[in-house]
Amino acid sequence: MALLPPELLARLERLSLRSRKRGAGVRAGERASVRRGRSQEFADHRPYVPGDDLRFLDWHVYGRLDALWIKLFEEEDDRVVQLLLDCSASMKGEKLDYARRLAAAIGFVALGHADRVTVAGLSDAVQSYAPPRRGRNAASAVFEALEAVHPGGATDLGRAVEGYPRQRGSGIALLFSDLLYAEEPERPLRRLLARNRELHVFHVLAPVDLRPAVSGDVLLVDAETGEQVPLSVDEAMLDRYEATVHAWVDAIEQTCRRLGIGYTRVPTTMPLEDLVLRDLRWAGVLG
Amino acid sequence: MSFATPLGLLLGALAVPLVAMYLLKLRRRRVEVPSTLLWQTFLRSERLATPFERFRRHLLLLLQLLALLLLTLAFARPYLQTDVPLARSVVLVLDTSASMGATDVRPTRLKEAASQARQAVDALGPADEAMLVVAGPSTEVRVPFTRDKGKLDAALGAQTASEAEGSLRDGLQLALSMARARGGVEVDVFSDGGGGDLHDLPLGRARLRYVPVGRGDTNAGILALDLRRSPVADLDRELFVTVEGFGRAPLDGTVEVYVDDALVGLRNETLQPDAPVHLVFDLPGTLSGQVRVKLDVPGDQLADDDEAWLVMSPLTLRRVLLVGGDALTARALSADPRVRLTTVASADLTPSQVEAADVVFFAGGTVPSGLTGRRYAILGPLSGSPVRFGDEVKVPKVLGWERTHPVLRFVQWDDVVVARARSVLDKGGLVPIVDSDGGPLVLAGEIGGGRVLQLAFDPLESDLPLRVAWPVTLLNAVGWLSEGAAGSQDALAVATGAP
């Protein structure tokens with residue numbers, strides 16, 4: 001459990017991963033499913049049609065109204081929680097470390113509520129993949145899978161999503177990425193959303209992304225592409241650059257809101273405990 | 001563009017090491033960032049917002065290159081070879097002859113010409129200069145070359161038409177000689193064209209512009225007027241009048257002669273262009289007074305030359321007394337019909353005879369006393385003369401004489417031979433009018449309100465009586481002694497326009 005301290009794990013046990021939508025899992029779990037099922041929790045009535053199980057006829061309604069109505073019950077379902085880590089070269093360092101720990105915390109919460117958790121490292125392809133695991137006992141395996149995600153390569157989220165194995169049942173995809181790639185983020189996010197019931201983006205940003213500590217004549221080298229940008233930097237220019245970055249982040253958040261995608265800005269300077277126990281609960285991601 | 005020293009451009013080669021040194025100096029620190037994606041986006045917007053940002057970053061290099069460029073140009077000394085208009089030099093020739101006083105153009109041709117000249121002055125640029133030449137009876141540079149337009153304007157406004165014939169040719173010649181001396185001079189002539197044919201004037205490199213003034217050329221004028229004694233009737237006089245038409249067509253005119261406003265002569269004449277017509281009017285000797293000659297030509301545009309005047313003196317007989325004179329002298333004095341000569345021997349001279357004469361000539365004997373206020377001539381170093389004579393001077397050589405003295409008019413003294421003369425010790429208040437190396441030969445002057453003419457030699461001891469000069473001198477003396485004017489002058493005439 002090197003990723004997360006025991007104290008945090010203890011506090012995470014009391015949390016659950018909230019879903020904004022209901023999905024259809026393959027196994028009975030602890031989440032309400034869109035399928036009306038076999039739980040004891042009444043959901044609704046509907047007219048009887050031939051072929052319906054007669055055990056679910058509501059005889060009280062028949063006695064009062066002389067009409068055949070079928071009782072529908074909530075069916076509790078499990079979910080597939082997919083922890084998708086951007087492991088491109090731009091995530092190298094503190095951003096990937098922070099993303100691993102955050103993913104571990106959310107995965108740990110999900111495992112505690114009978115969700116199945118998968119881990120995948122995505123760059124321009126699927127770099128690593130850990131199949132779904134269920135139960136708290138699988139936490140170690142999930143953590144190991146997270147630690148096995150290593151940075152490298154360029155970002156091509158759309159292509160990586162194409163190669164990612166489809167999951168059965170309803171799922172929630174949690175993408176941990178800095179979203180620093182040339183393509184407009186809308187298309188790959190749409191594609192990812194189409195394959196999952198729910199998508200939440202954790203936009204991981206390091207201080208070097210917001211306001212790099214450079215000055216004077218510098219040659220900026222892109223960690224992914226090796227592209228070089230000569231610059232003569234002064235404080236005024238950094239101020240303007242920071243404003244540009246904030247505008248870009250705001251635009252991505254707007255896009256996510258418009259597509260119905262959950263969005264959380266994750267600065268790596270924020271303590272993980274504060275993010276998980278305060279901000280994510282406040283944002284309704286965890287409950 | 002050309003360069004005076006093209007080798008100086010080689011200095012521009014220093015730009016190569018300059019840029020190389022700049023590039024070598026500009027070693028940037030490599031900084032790896034997660035992505036340059038946002039930087040490129042940022043830089044694109046930066047360049048759109050501040051298009052000169054990239055130049056600002058290389059401002060130092062650009063300034064160095066600019067300094068090198070300027071230094072290179074300075075060494076190469078660039079110049080442009082182009083046609084640049086130089087400052088103009090204009091000579092304004094203003095005709096101020098009498099014809100410019102014509103009023104066919106209001107107020108006068110001269111004012112109109114001056115106005116045209118002012119326009120030419122106004123058109124001058126700041127660096128242009130102009131000179132004003134006035135071509136009247138005499139040619140005069142009124143304003144030398146100047147850029148002061150005010151000075152030229154003032155001079156143009158001050159010009160008046162003269163009353164005499166002008167010489168536009170002289171003015172033009174002066175302007176053209178100025179043009180030859182300076183080169184590229186423009187000559188603007190403002191005239192009514194009365195200067196005659198000027199085509200023979202060599203223009204050289206000068207650019208001549210003629211600004212005509214006046215609408216027509218109908219003019220006739222009186223060119224000359226004189227009064228002479230009639231050769232056929234001693235006491236009558238003849239009036240000479242010369243008139244001329246100046247237009248291009250013949251003019252019919254009438255010449256009228258008035259004496260004290262009484263018409264005494266009338267002629268109708270056809271005046272051909274540039275052909276003077278000489279007219280003679282006989283005037284009886286009894287007439288005297290103001291003679292006015294009027295030329296009347298219909299359509300004449302210049303009235304100033306249509307009238308002329310002279311004063312005709314009344315014919316007065318002069319009583320001349322010759323004392324002790326010889327025959328030659330007596331004959332010479334009686335040549336003038338206006339002279340009533342009386343001769344008397346010096347011994348028989350009485351004061352009453354002297355009193356009765358207008359002029360007394362003493363040719364021998366002794367000059368009596370008591371002549372103060374009288375008018376007389378002493379023809380020789382006689383005793384009793386107001387002049388005190390000294391020793392005899394043999395063959396004195398004439399050095400000079402007062403040509404303008406009324407007594408000496410029309411007389412040549414340079415080859416007069418005098419055998420003996422007397423030196424003058426005391427001029428007695430007279431002034432020498434003929435000088436020789438031995439002293440004055442003739443003296444004249446006024447004494448006590450009278451006039452005295454004194455010869456320092458005996459005329460018979462010279463060849464003077466054999467010369468035409470002798471009667472002329474005597475008659476001149478009669479005129480001067482009697483009236484103070486030359487006897488041959490019958491009228492006082494002044495040329496028009498003459499000062």
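Analyst: Chain A puts 24 residues into the contact and chain B puts in 18. Two residues count as in contact if their C-beta atoms, placed from the backbone, lie within 7 Å. This is a predicted model, in which local features need pLDDT of at least 70 and side-chain atom pairs count only at pLDDT 80 or more, while totals for chains, interfaces and linings use all residues. Residues are numbered from 1 along each chain as its sequence is written, and chains are lettered from A and ligands numbered from 1 in the order in which they are written.

Now the side of chain A that touches chain B. At least two residues each come from helix H7 (207–210), strand S8 (216–222), strand S9 (228–233) and helix H8 (235–259) of chain A. Helices (H or I, at least four residues) and strands (E, at least two) are DSSP runs, numbered from the N terminus. S8(A) gives the most, with 6 residues. By class, this side of chain A has 15 nonpolar, 3 polar and 6 charged residues. Here Ala, Val, Leu, Ile, Met, Phe, Trp, Tyr, Cys and Pro count as nonpolar, Asp, Glu, Lys and Arg as charged, and the others, Gly among them, as polar.

Next, follow S8(A) across to chain B. S8(A) and strand S2 (residues 29–33) of chain B run parallel, joined by 5 bridges. Two strands pair if DSSP finds at least two bridges between them. One bridge links Leu219(A) with Arg30(B) in S2(B).

Last, confidence. pLDDT is the predictor's confidence in each residue, from 0 to 100. Chain A has a mean pLDDT of 83, and 88% of its residues reach 70 or more.
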